[in-house]
Structure formats: C-alpha cells, structure tokens
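Welcome, and please open your viewer. We will go from stop to stop, selecting residues and looking at what surrounds them.

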Amino acid sequence: MNRIDERFRRLRESGERALMPYLTAGDPDLATTRSLILECERRGADLIEIGVPFSDPLADGVTIQRASQRALRGGTTLAGIIEMVADLRTDCRLPLLLMSYVNPIFHFGYTRFAKEAVAAGIDGLIVPDLPPDEATELIEAAGAYDLYTIFLIAPTSPPERIRTISAASKGFIYYVSLRGVTGARSRVSDDLETGLRIIRRETGLPLAVGFGISTPEQVRVVATMADGVIVGSAIVSLLEQTSGQPDQLQRVGEFVASLKAATRIKAVSGQ
C-alpha cells in the first residue's frame, strides 16, 4: 500500500485530520531541508510536501518565490533533491510528496523521474501547472512505479472538471482554498465548506486544503471540513525570519506542533 493511503487510513481511524507542511527544498540548503523534514515528523506532521525550486513559480506568492530563488542560487537541483530523499528515507517514515512545476520533470524525463523518485522513497507528485488533460504521459510513467499523481481543484472548477481531476488523482485531492497564489491570508475563505461539499459528491478520495492557511486557528477551522490541511508560506516565512539563528529548527518545530495540535479535533460536518 502506498504510504499516502496508509496515512489517511490511520488518520480516519483516529479521528484526526492530516497536517501537511510544505518546505522549499534547498532553502537554505538540502542538509537543512533534511533536518527540517525530520523535525516536522518528530513534531507530528503526517505528510510532507517538498517543493522543487523553480525560476517561474506561477502558483506561488512572493514568500515561496524568494525561497525558490535562495535555493536555486545555492545550486539545488531535482537530482539533488531525489538524492537527499534517498538518504533521508532510512530515518523518515512519513509519506513524502514532491511539488514541482512540469518543466524540471520534463527535462529530467518522465520515466526516469518516476523510477528514481520512487526508488528514493517519494510517494506522490503535485504539478500545479500541468492539468490532467495534458498529463497522460506523466500519469502513465508515474503509475508504472506506483508514484501517486495528485491534481488541484480550484474554487472555480465546474462539476465536469471536478470529475476529470478526481479520476486522474490518487491518494487525495488538493483543493485550493482561494482564488490566487500561495501566501498567508487573514481569514479562511467563506465558501470553503460549500466547495468541499460539491467535490465530495464526485469522489471518495480524501480532500486536503492548501493556499492561504497560516495559523493554528485557521487550521482548526479547515480541519472541521477537510481531511487534511496544507501549510506552506507561513513555515517558509518563519524559516526566512530565523535564517542563521541557532534555534531555527526548534522554532519551526514548535510552530509545526501547534499546527498539528489544531488538527486533533472531531469533524463537525460529519465527513
């Protein structure tokens, strides 16, 4: 069983929601990313989304854009990230997902990427700029190695689009909670529950919500409606603020622990 399926099964049994921190790989270097992933696991994270830095990250706001630029300046590559994950796997049992724009994977080669990623211990792949209609070659390459492809549903996606995306996704659906790019927001979208209810009519896959969620209070609200909560920019911003400080790892770990605590509630919507 893919580690993503196993994790959501265990969470359902315990009545918890998944916390999925996002980290930009190589910010400030891959050794730090490795340490951060282990710290997130120790602090209760359920899955980790590892961002592949890219020079034109169209779905990301300025916080993650700056992190990508720092990582690229430091020489981070897709091959280097896969190598880091392979080294990490002896110590980490969490489901690990890569979030990459399609260009780096295309140049790496879909089949080579899927084979090497799974061998390293990567469980899933999110490609925000590749819609499922244009992803047949990648889906087939990933499927041959049991690498799960996870696609995004937006608040503007009509029912037929939701059905297409759901059919192409494995593991869970990534629901974008707002119209726009990644980045902290002051409140959760008012139409989030309605959007999730519409998607649940079309799929039995777990629904994880990302974009704009940055505080334990917001995680607590989203966790009453969704199966998982993804927090990215707030963690990346904390890393930026604590750059070079000796207690950086501890502060990020404490923040992740506070986010995870907010997922340990019973859902009020009956899902």
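## Stop one: Leu249

Start by selecting Leu249, and show its contacts beyond the neighbours within four places in sequence: Ser35, Leu36 and Glu39. Keep in mind as you look that this is a predicted model. Leu249 belongs to helix 12, which covers residues 248-261. Is Leu249 buried, partly exposed or exposed? Its relative accessible area is 33%, so Leu249 counts as partly exposed. For a sense of scale, select Ser214 too: the two C-alpha atoms are 18 Å apart in space, while Leu249 and Ser214 are 35 residues apart in sequence.

## Stop two: Leu259

Stay in helix 12 and select Leu259. Here the relative accessible area is 1%; because buried means under 20%, Leu259 is buried. Which residues does Leu259 touch, leaving aside its neighbours within four places in sequence? Colour Leu19, Thr215, Pro216, Val219, Val231 and Ile235 to see them.

## Stop three: helix 11

Ile235, a contact of Leu259, is one of the buried residues of helix 11. Select the whole helix, residues 233-241: seven of its nine residues are buried, so helix 11 is largely enclosed by the rest of the structure. The buried ones are Ser233, Ala234, Ile235, Val236, Ser237, Leu238 and Leu239. What covers them? Among the covering elements are strand 1 (18-24), helix 2, helix 3 (62-73), strand 9 (228-231) and helix 12.

## Stop four: the nonpolar core

In soluble globular proteins, nonpolar side chains tend to be buried together. Now look at the largest nonpolar core of this model, which has 67 residues. Select Ile37, Ile48, Ile50, Leu98, Phe113, Val231 and Ile235, the members that touch the most others in this core. Helix 4 (residues 78-88) is the biggest contributor, giving six residues.

Zoom in on Leu98. Apart from neighbours within four places in sequence, Leu98 is in contact with Ile50, Val52, Leu78, Ile81, Phe113, Ile122, Gly124, Leu125 and Ile126. There is also a second, separate core of 26 residues, with Leu97, Leu152, Val176 and Val236 among its members.

## Stop five: helix 2 against helix 4

Next, show helix 2 (residues 30-42) together with helix 4; their axes come within 10 Å and cross at roughly 40 degrees. That angle makes helix 2 oblique to helix 4. The crossing is right-handed. To see who meets whom, select Leu30, Thr33, Arg34, Ile37 and Leu38 on helix 2, then Gly80, Ile81, Met84, Asp87 and Leu88 on helix 4. Coloured by type, the residues of this contact comprise six nonpolar, two polar and two charged.

## Stop six: helix 4 against helix 6

From helix 4, select Leu78, Ile82, Val85 and Ala86; they meet Phe113, Glu116, Ala117 and Ala120 of helix 6. How many residues of this contact are nonpolar, polar and charged? Seven are nonpolar, none is polar and one is charged.

Terms used: Residues are numbered from 1 along each chain as its sequence is written. This is a predicted model: local features need pLDDT of at least 70, side-chain atom pairs count only at pLDDT 80 or more; totals for chains, interfaces and linings use all residues. Side-chain values use heavy atoms; hydrogens and water are left out. A nonpolar core is a set of buried Ala, Val, Leu, Ile, Met, Phe, Trp, Tyr and Cys residues joined through side-chain atoms within 4.5 Å. Buried means under 20% relative accessible area, exposed over 50%, partly exposed in between (1.4 Å probe, protein chains only). Helices (H or I, at least four residues) and strands (E, at least two) are DSSP runs, numbered from the N terminus. Contact means heavy atoms within 4.5 Å. Axes are lines fitted to C-alpha atoms, for helices over the stretch in contact, and angles run from 0 to 180 degrees between N-to-C directions. Angles under 35 degrees count as roughly parallel, over 145 as roughly antiparallel, 65 to 115 as roughly perpendicular and the rest as oblique. A crossing is left-handed if the near helix is turned anticlockwise from the far one by less than a right angle, and right-handed if clockwise. Ala, Val, Leu, Ile, Met, Phe, Trp, Tyr, Cys and Pro count as nonpolar, Asp, Glu, Lys and Arg as charged, and the others, Gly among them, as polar.
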